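Colleague: I am new to this structure and would like to be taken through it step by step. Could we begin with the chain as a whole and then turn to its parts?

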Amino acid sequence: PVSEETLPRLGKSAKLQFIRELRHRDAAHARRVVESLWPNEPANTRADLLRLLQTGLTHEDRAFLEALSSDRAQSVRETAAQLLARIAGTQAFAERMANLKRHIEVAYKGLLRRTKVLKFKAADSSGARHGEAEEQRRLLEGLGIGDVASALGETPETLLAAAEASEEAGLLPLLLLQLAAQTDDKIKDLHFIADGEVLVLCQPLGDGDPGLRSADAVPRRDH
């Protein structure tokens, strides 16, 4: 049977599955188990174990991640840096928020009735939709709607209102709504369903109807 006692003697897949399940139940305990395994694992296993910590990532993980800046494996150093950039209060997070502000702007449209909208400044000047979508995903990956709103000087509510009013921000409004759906009870039952080359954003039909209606679509990341 798989247990903390037998885990060091088991293969990589068993270790990853054990940590994945434990991280969902008790994130801090899972990190401590990873730390106990760390000295005896090869680089590829260490990097894969580390990626599992993105589930339930908190400030409690910060010290462990910061200590990995000198790890001998580049894959581990890079993964640790990516996770630190998701933790508010770290230098990596501050740099990420500054980069986000360079690419996403809250502006106004209209003369008589001023309405907030979002503008996206792509680093890729080619205008390719796929490239812009991936850039927007990278900017927002692993963040909460509160993180993004705070960086832009907004509340989650005003940011989502600006997103809804935006017509030239690419997929940014949908990606922000997806972030909000992680924590907002009013929209937490949104669904992203794979359909060919897109993820279709759906909502329950309501009135006890278990069906879903399509709201919009986002290009699939795995295509």
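**The chain and its parts**

Modeller: Among contacts in the protein (contact means heavy atoms within 4.5 Å) between residues at least 6 apart in sequence, those joining residues at least 24 apart come to 50%. This is a predicted model, in which local features need pLDDT of at least 70 and side-chain atom pairs count only at pLDDT 80 or more, while totals for chains, interfaces and linings use all residues. Residues are numbered from 1 along each chain as its sequence is written, and side-chain values use heavy atoms, with hydrogens and water left out.

Colleague: How many helices and strands does the secondary structure come to?

Modeller: Helices (H or I, at least four residues) and strands (E, at least two) are taken as DSSP runs and numbered from the N terminus. Counted in this way, the protein has 10 helices and five strands.

Colleague: What percentage of the residues in the protein is buried?

Modeller: Buried means under 20% relative accessible area, exposed over 50% and partly exposed in between, with a 1.4 Å probe and protein chains only. Of the 223 residues in the protein, the buried share is 39%.

Colleague: Which helices do the buried residues of α3 pack against?

Modeller: Helix α3 covers residues 43–51, and its buried residues are Thr45, Arg46, Ala47, Leu49 and Leu50. In α2, buried residues include Ala28, Val33 and Leu37, and the buried residues of α2 pack against α1, α3 and α4. Those of α3 pack against α1 (12–25), α2 (27–37), α4 (62–67) and α5 (74–84).

Colleague: Why is the pair of Trp38 and Phe64 edge-to-face?

Modeller: The structure holds one aromatic pair, where rings of Phe, Tyr and Trp (its six-membered ring) pair if their centres lie within 6.5 Å, and planes under 30 degrees apart count as stacked, over 60 as edge-to-face and the rest as tilted. The pair links distant parts of the chain, with Trp38 in the loop between α2 and α3 and Phe64 in helix α4, 26 residues apart. Trp38 counts as buried at 11% relative accessibility, and Phe64 is also buried, at 10%. The ring centres are 5.4 Å apart and the planes stand at 85°, so the pair is edge-to-face.

Colleague: Which residue in β2 is the bridge partner of Val106?

Modeller: Strands pair if DSSP finds at least two bridges between them, and β1 (residues 104–109) pairs with β2 (residues 115–120) in the antiparallel sense over six bridges. The two strands form a hairpin with five residues between them, and Gly110 in the turn has a positive phi of about 95°. Lys109 stands opposite Thr115, while the partner of Val106 is Leu118.

Colleague: Is Ala85 buried or exposed?

Modeller: Ala85 lies in the loop between α5 and α6 (91–103). Leaving aside neighbours within four places in sequence, Ala85 is in contact with Ala92, Phe93 and Arg96. Ala85 and Glu95 are 10 residues apart in sequence, and their C-alpha atoms are 7.9 Å apart. With a relative accessibility of 12%, Ala85 counts as buried.
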